[in-house]
Structures are given as structure tokens and as C-alpha cells.
Amino acid sequence: MPVAAPPRPRTAGRNWIIAFIFVAGATWSIAGLDVTLARLLGAPADAWNILHRMFPPAFNEVYQRGVVGKVFESVYIAWIGTIIGAVVSLPFAFLAATNVSPRWIRTPIRQIFNAVRAVPELILAVILIPITGLGPWAGALAIGIHSVGTLGKWACEAIENSDHGPVEAVEACGGVWVSGMRWGVLPQVMPVITSYWLFRFEINVRASAVLGMIGAGGVGAELVSQLVFRNFPAVGAVLAITVAVVLSIDALSAFVRRRIITGGGPTKNRNQEATADLTGLKH
Amino acid sequence: MNRVTTPEDGRPTRPRLKLRTFLTAGLVLLFTIYSGRQVGFTISTFWEVWSNPLWEKFWPVPWEWVFDRSNVIDPLIETFQIAIISTLIGCGLALPLSFIISPLTTPNKPTYLVAKGIMNVVRAVPDLFWAKLLVTAVGIGAFAGSWALSIFSLAVMVKLFSETVDSADPRPLEAARAAGGRHTPAVRTGVLPTVFPSYVAYSLYVFELNIRASIVLGLVGAGGIGRVVEAQRQYFRFDRVLGILLIIFVIVIVIEQISVALRKRLV
């Protein structure tokens, strides 16, 4: 016996309003960006032209200029930045967590985390470069300061999700607050927090490559100078080396994170947990 | 079985640290020291940064200059325009591409592998590298910036959203296929409705990322408020730079709060 299909939900009015907002937003943006049809149609050809001239990449020339060392300098900057972020953020994360810290301490510390997170690394570097001088140290410090904000927030959330039982056990044995944190909370949250540190390191490698573009050390400066001289085969080689290093570090870090969280067992969607925390969306 | 208690006092023994743990810790420490040397890190540099007399050049902030329309407000509007158009383009293109890149909904294996490989490489190039490349290709200004951010938000969005599609419930899709649906309609009716709220939520997140990214695009000549920061930095007008930074700071925080509130309602 045929059954009538259920009626479609009526959302037409709302959809029109949303569509109107989108079209209006797009029109307003395009109007402000001084786009002409000629430019729009010419752009793909221009981009393709540059991409085309990068082949074959001049690996030999770039290698002799010491670009591989510059890429690794970016990695060192990212590592030192991550270490600064991790070391500074960990104690403050305990003071910022709802379940283990009183309100009058945690509220200001949370606000500091939020404030630090809101300033992009590059902007921090712009402030720091006149103070520290051009060089990798400015980049490492900028990345470190920014990482304190994000790592602090993530670690704080990990602590808030921890089981309170062990802390109560420590308190029942007469342990003070610090003992409760050290023996009750830290062993629970350390694997997750370590994997956040590694995840942040992956992000920081990209950030430190970019920081070089404004003179804070690393591979970015090399890319800019090759582009200024329009030496496209060298640009291609710099890009290829950077991408190779970034992808290797991502793969290595993902492997280590998987080992830390699951002990090497199989996991589905291993990045999803980190992604969910990053975006504040849990599935 | 391991003996967990000692006979004398009944307390559990402390677990012994493994050799491997020491080795790992040692390697990490060595790498840190080596990196620190390469970067030029010493503890005293912290003090040198704090005690630098140049800090005084950041103060006082010339507010009348900062609030002048043509100095800061117009470039700031340009920043928003770049972020809006790149979010629309990037997230719009990401919708079909994410379905291609998820094993659940991909039309065929070769397309999946090629698309996934390309997107991985695209994502490995940092956002400002794209900006600088496109500035060289299509000229200085917001046009290049919009292109760069569109590419970058496409890459980020595909990564985030295709993982959601991966973990979508496969049963409606199987039902649609069992009923004889072709590939595209089956995916549209079987998977899209269940993942669409996440799509909108991720788009908002990508918009937030794009606002942050478009602020700094100008540092490499790709338009927006960053070009004012870059210009004033070269004139050593750090007081003006600080004024702009404070405005940026307020805007980023406000946008983040709105975006978080909207996303909480969606998911």
C-alpha cells in the first residue's frame, strides 16, 4: 500500500532572509575590494604563470644558499616558542580551572589567557622586533606568548574534565592543595596536555615560517627575498622544502600523539579530538 | 602477576621509571637546549626585553590620529570585506570538496586520492606565504589578500568538515542507495542534512580565523589594516602602532564572543 510522503518542512521565508544576507555581504565586500572584471578574469592566468615558472625548482641554488638551515631555524623557533608556552601555561592552567581553583584567582587568569590569545603572533612580533632586534629570538618570544594563551585554555579544559575522585582521596589522606594537584590531577591530564603541546608545535611551525617574512628569523625571509628578485625556480624550491618539512613534522607529531593517547592502539579520526577542542565543537 | 604491595606496611610500591622514559626525556631536553642555542635564548634576554628603554616610544597613544576615518577605520573596513568574501568563497567551495575527500561519500577512489593529496599540500603552505605569492602574481592590495585567504580557508574548511563527514551516520546514505538513488542525490539527501549544522558552525569558526588572518595580511602587502601597521612601523611611530593594535584586540575579542555564542546555539 503506498504511503503519502511526509510534508516538507516550511523554511522558505527564513532561507530567503539568509540568502539575502549572504548576497548583501558578498556585494558589499566585492564593492570595497576594487575588483574589476578584467582583473578577476586575469588573475587565474597570472597565478598560473607564476606557478608555471616555478618549475623546475632550483633545489641546488637554494641548497647552496643554506635554505635547509633556515627551515630548521623555523622549527627551532617553533620548538622554543612551544616550550615557553608549555612551561608558563601549565601552572596557570591549574589556577584557572573551575574545579580546582577559587573564583577570585581563576577569573583574572582566564581573562589573561583570552587577552593573550586574541593578539596574533605576527602582531606580537611587530611589537617585539624593535625591542629585541631582528632575529629568531623575536619570533620565539612572539610564538611563546601567543602559545601561553591557547595552551593555557586547552590545559585548563583538560583539568576541568578530569575525575575529582583522586583529589578527594589525597585530601582525605591529609594532602595539601599542591599534593592534590600533583598526585590527583596531573597524572590524569598529562597525556592529553602533552598531545596538545605537540599539536600546538605543529601550528607553531607554520607560524614561525610566516614570522620570517617580517624579519623574525626562519625561512620566511628567504621566500620574500626570492620573490622580490622574481627568482621563481628558487621560490618553488623554498616552498617545496617548507611543505616537506611541515608535512613530516605533522606526521611525526600525529604519530607521537596517537601513541600518547591510545598507547599505539587503533583510533578512528585521531585528529578529531584536537580539532573539536580547537573549535569548541564536540561531536 | 605483579606484586603491588610490600609485606611490611601494605603500601603499594612506586612504579619504576623505564629506561625508555629517561631516554625520551634526555632527547627532548637535548633538542630544547640545541634549539635554544640556535635561537639565541638565554634567561637574561627576558630581562633585557623588559628593561629596554624603547618601550617608552609606545606611549602615549595618539587617539585622535587612531580614530581618524581615513587612517584606521577605512583599512579596517577593508579587512572585514576581505574576511567576508574569502569566507564565502572558501567555505562555498569546501562543501562539495569535503564530500569528495571523505571516504564515506567520495565518488571514486582516484578522485579521492588526488583531491586529498592536493589539499594536504595546499594546507601545508602557511597563509601568509599564499598572500605573498599572490601579491607577486596579481599585484599589491586587497584583491591578492582575498585570493590568498579564499585558498587558505578552503583548505582549513575541507580539513575540518571532511572529518565530520567521515563520522556521519552512514545508514541514511545506504538507504538512499538501496532505494536506487544516484550518487549525488543520495549524498545530498542522505548525508548533507545530518552534517549541515556542523558545516555552518565550522564556517563561523573559519570566519573568525579569516578576521585574524586578514588583520595581518597587510604586513606582506595584501591589503587591510595590516598595511597601516606596516607603514607606521617603518616610520618608527610605535605609539600609533599600539593604538591600532588595541583596536584590533577589541575587535578580535568581540567577534570571538559573538561567534562562540552562535556556534553554541548551532551544535
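The largest nonpolar core of this predicted model has 133 residues. Such a core is a set of buried Ala, Val, Leu, Ile, Met, Phe, Trp, Tyr and Cys residues joined through side-chain atoms within 4.5 Å. Buried means under 20% relative accessible area (1.4 Å probe, protein chains only). Phe99(B), Phe129(B) and Phe161(B) have the most contacts inside this core. Its largest share, 14 residues, comes from helix α7 (residues 142–166) of chain B. Helices are DSSP runs (H or I, at least four residues), numbered from the N terminus. A second, separate core has 24 residues, including Phe94(A) and Met181(A).

Phe129(B) is in contact (heavy atoms within 4.5 Å) with residues of chain A, among them Met213(A), Leu223(A) and Leu239(A), leaving aside neighbours within four places in sequence. Ser150(B) lies in helix α7 of chain B. Ser150(B) is buried, at 9% relative accessible area.

In chain A, the axes of helix α4 (residues 67–96) and helix α9 (residues 177–211) come within 8 Å and cross at roughly 150°. Axes are lines fitted to C-alpha atoms over the stretch in contact, and angles run from 0 to 180 degrees between N-to-C directions. α4(A) and α9(A) are therefore roughly antiparallel, a term for angles over 145 degrees. Residues that meet include Trp79(A) and Phe94(A) in α4(A), and Met181(A) and Trp197(A) in α9(A).

Local features need pLDDT of at least 70, side-chain atom pairs count only at pLDDT 80 or more, and totals for chains, interfaces and linings use all residues. Residues are numbered from 1 along each chain as its sequence is written, chains are lettered from A and ligands numbered from 1 in the order in which they are written, and side-chain values use heavy atoms, without hydrogens and water.

How values were computed:
Buried < 20%, exposed > 50% of the residue type's maximum accessible area, 1.4 Å probe, protein only. Helix = DSSP H or I, 4+ residues; strand = E, 2+ residues; numbered from the N terminus. Parallel < 35°, antiparallel > 145°, perpendicular 65-115°, else oblique.
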